[in-house]
Amino acid sequence: MKKELLRGLPSVDEVLRGEGMKDALKRHSLSLITAGVRAVLDGVRAEIISGRRSEFSPEEVLPATAEWIEAALKPSVVRVINASGTVLHTNLGRAVLGPEAVRALELAATGTVDLEFDVATGKRGHRDNHVEGVLSALTSAGAASVVNNNAAAVLLVLNTLAEGREVIISRGELVEIGGSFRLPEIIEKSGCRLKEVGTTNRTHPLDYASAITEDTALILKAHTSNYEVVGFTSEVGLAELVEIGRERNIPVVEDLGSGSLVDLSVFGIKKEPIVSESVAAGADVVTFSGDKLLGGPQAGLIVGRKTFVERINKNPLKRALRPDKLTLAALDATLRLYLEPEKLSETLPTLRFLSRPLEEIEAVAKKAKRLLQEKLGEGYTVELADGESVVGSGSLPGHSLPTKVLVVTRSTMKPEEIFKKFLSNDPPILGRVSKERFLLDMRTIERAEDVVPE
Ligand SMILES: *Cc1c(COP(=O)(O)O)cnc(C)c1O
């Protein structure tokens with residue numbers, strides 16, 4: 001039976017010569033169709049052998065091939081509507097770029113640009129020059145460098161300044177960031193030796209001072225981005241660390257994680273460490289992310305004393321970790337928005353979402369509630385309720401922002417099933433299940449239509 005079925009299968013060539021192929025060939029290339037037919041026939045064969053299939057008709061091949069081709073050509077990266085309430089969602093690509101950054105990206109993507117070329121002199125330029133000026137101006141640092149992400153920035157800085165030597169860090173700051181960034185591992189991979197001081201909840205100036213030896217290359221301070229140490233705690237501030245470092249001629253490096261270029265409390269959000277304050281407090285090098293609170297593309301930003309940044313740029317690893325023209329174009333455009341900080345709540349999507357007035361969120365929520373109720377029909381209830389959004393990406397831990405959510409319920413469906421229903425939409429709509437309810441957080445939704453499934 002199986003053998004007979006297998007023997008009856010057409011060859012790829014037979015299918016290609018068969019009826020209907022002429023039409024298909026007008027739409028797609030021969031190589032794609034051939035690959036499709038082969039995949040379909042392989043699939044059928046495997047099903048017959050495993051016993052999952054007991055019949056076959058040659059008419060099946062063409063429609064199945066058409067389906068295979070459609071799936072193969074569908075882009076893998078698709079838009080996802082973020083109604084999760086996490087503004088900087090790492091799994092959704094963190095910051096949404098503003099129109100200026102998008103224009104810069106398009107320009108860089110569709111043409112050649114002066115990436116490492118100085119148009120004024122006609123000579124070779126340097127890719128970091130495009131953002132170094134504005135970054136230095138915004139942070140008052142002497143120099144700046146850019147790499148692929150902040151993890152790369154920490155790796156590069158440590159490898160440059162402390163390879164083969166000791167890096168002192170408080171036990172309270174040995175952070176793990178989601179997606180396998182663990183500071184102790186990065187320190188080790190940088191070729192440095194980790195020297196932990198203090199305890200999880202308390203570290204004192206003397207802990208640092210007495211840990212310094214001949215072998216100490218630098219003192220590292222890391223922002224505990226995604227957690228807070230509360231209760232009986234004590235940490236040594238940056239300024240104090242700088243003092244300890246200066247006495248013994250040991251540089252102090254701060255990994256700010258998210259960091260911010262402006263005081264977020266102006267926008268009604270809890271203050272996150274500001275890069276210029278770390279520079280002013282005397283940090284020799286400061287690193288932070290491009291796509292967290294800064295609101296730009298994925299990048300690792302390094303600012304600090306010129307002599308250190310020069311050494312960092314000369315490290316061969318810099319070449320391996322450098323950003324491409326698309327990143328630099330988008331970063332350049334994003335950083336320039338900070339030259340007009342008063343306008344940031346309009347020009348920078350990340351800050352726009354974080355500082356969005358509740359009335360505005362509610363207005364969109366009300367419209368979406370009506371549209372959703374109409375679309376989903378009788379069986380569903382859609383209610384407007386108060387909720388809480390978070391910043392995400394390890395920024396402002398333990399801090400939530402009041403928001404408006406739509407609670408979608410149906411007596412015959414579990415919240416997880418409604419969650420999946422919205423996610424199976426094209427484009428997928430990502431809500432969240434909280435306290436046995438399915439919610440659509442409207443903080444990051446600007447068009448009510450976006451949360452209404454097809
Ligand atoms: C997020 C974070 C990192 C990693 O930054 P990426 O840009 O995601 O590579 C490193 N250190 C701290 C403290 C962070 O918060």
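In this predicted model, helix α8 (residues 150-162) and helix α13 (residues 306-314) have axes that come within 9 Å and cross at roughly 100 degrees. The two helices α8 and α13 are therefore roughly perpendicular to each other, since angles of 65 to 115 degrees are counted in that way. On the side of α8 the contact is formed by L156, V157, T160 and L161, and on the side of α13 by F308, R311 and I312. Sorted by class, the residues of this contact between α8 and α13 comprise five nonpolar, one polar and one charged.

The axes of helix α7 (residues 129-139) and helix α15 (residues 325-337) come within 10 Å, and they cross at roughly 30 degrees. Angles under 35 degrees count as roughly parallel, and α7 and α15 are therefore roughly parallel to each other. The crossing of α7 and α15 is left-handed. To this contact α7 brings H130, V131, V134, L135 and L138, while α15 brings L328, L331, D332, L335 and R336. Seven nonpolar residues, one polar residue and two charged residues make up the contact of α7 with α15.

The largest pocket has a volume of about 590 Å³, and its lining is made up of 33 residues, with E173, K221, H223, T224 and E235 lying nearest its centre. Two or more residues of this lining are given by each of the elements β9 (216-222), β10 (252-257), α12 (275-280) and β14 (395-410). In terms of class, the lining of the largest pocket consists of 11 nonpolar, 12 polar and 10 charged residues.

The second largest pocket holds about 510 Å³ of space, and among the 23 residues that line this pocket, R79, V80, I81, N82 and V96 are the closest to its centre. At least two residues of the lining of the second largest pocket are supplied by β1 (81-82), and at least two by α17 (349-354); the largest share, four residues, comes from α17. The lining of the second largest pocket has 12 nonpolar residues, together with five polar and six charged ones.

Methods. Residues numbered from 1 in each chain as written. Predicted model: local features only at pLDDT ≥ 70, side-chain atom pairs only at ≥ 80, totals over all residues. Heavy atoms only, no water. Axes fitted to C-alpha atoms, helices over the stretch in contact; angles between N-to-C directions. Parallel < 35°, antiparallel > 145°, perpendicular 65-115°, else oblique. Left-handed = near helix turned anticlockwise from the far one by under 90°. Contact = heavy atoms within 4.5 Å. Nonpolar A, V, L, I, M, F, W, Y, C, P; charged D, E, K, R; others polar. 1 Å grid on protein atoms, 1.4 Å probe; cavity = no way out; pocket = protein on both sides within 12 Å on 5 of 7 lines; lining within 4 Å. Points joined across faces, edges and corners; volume = space filled by probe spheres on them.
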